[in-house]
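Visitor: Could you walk me through this model, piece by piece? I'd like to ask things as they come up.

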Amino acid sequence: MSTTLVVNGGPPGVVPTVPVALRPVVAAADRVVAGDSGCDAAHRLGLVVDLCVGDLDSVSTAGLRRARENGAVVVQY
């Protein structure tokens, strides 16, 4: 069985965290899908994004560039 982790963004200035109980699930994820600024949140959590989707109005330029450099597919709606 494979696991896909979906990461969303949050309010500006909030540092993303993973509850202790979920850390093994996050570490074992086969794929990371990020919604818009979730791309930045995923990077702050040390994750490599496989797919970034959204209108891309809230993801940072650096976060989007990092995702692309790491091989992420970017789909803008």
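This is a predicted model: local features need pLDDT of at least 70, side-chain atom pairs count only at pLDDT 80 or more; totals for chains, interfaces and linings use all residues.

Visitor: Okay, let's take helix 3, then. Which residues are buried there?

Guide: Helix 3 spans residues 61-69, and its buried residues are Gly63, Leu64 and Ala67. They sit on the same side of helix 3, because the arc they cover around the axis is only 95 degrees.

Visitor: What do the buried residues of helix 3 pack against?

Guide: Their packing partners are helix 2, strand 3 (51-54) and strand 4 (73-76).

Visitor: And which exposed residues are on the face turned away from the buried side?

Guide: That face of helix 3 carries Thr61 and Glu69, both exposed. For Glu69 the relative accessible area is 61%, and since exposed means over 50%, Glu69 falls in that class.

Visitor: How many salt bridges turn up in the whole structure?

Guide: The search finds 1 salt bridge. Glu69 forms a salt bridge with Arg65, and their closest N and O atoms are 4.0 Å apart.

Visitor: Where do Arg65 and Glu69 lie?

Guide: Both belong to helix 3, where they are 4 residues apart, about one turn of the helix. In general, an α-helix has 3.6 residues a turn, so residues three or four places apart point the same way. Arg65 has a relative accessible area of 45%, so this residue is classed as partly exposed.

Visitor: How far apart are the C-alpha atoms of Arg44 and Val32?

Guide: Their C-alpha atoms are separated by 13 Å, with the two residues 12 residues apart along the chain.

Visitor: Last one: where is Ser37 found, and what does Ser37 touch?

Guide: Ser37 is in the loop between strand 2 (31-35) and helix 2. Not counting residues up to four places away in sequence, Ser37 touches Gly9, Gly10, Ser58 and Val59. With a relative accessible area of 16%, Ser37 is buried.

How values were computed: Residues are numbered from 1 along each chain as its sequence is written. Side-chain values use heavy atoms; hydrogens and water are left out. Buried means under 20% relative accessible area, exposed over 50%, partly exposed in between (1.4 Å probe, protein chains only). Helices (H or I, at least four residues) and strands (E, at least two) are DSSP runs, numbered from the N terminus. The arc is that of the directions from the helix axis to the C-beta atoms. Contact means heavy atoms within 4.5 Å. A salt bridge is a side-chain nitrogen of Lys or Arg within 4 Å of a carboxyl oxygen of Asp or Glu.
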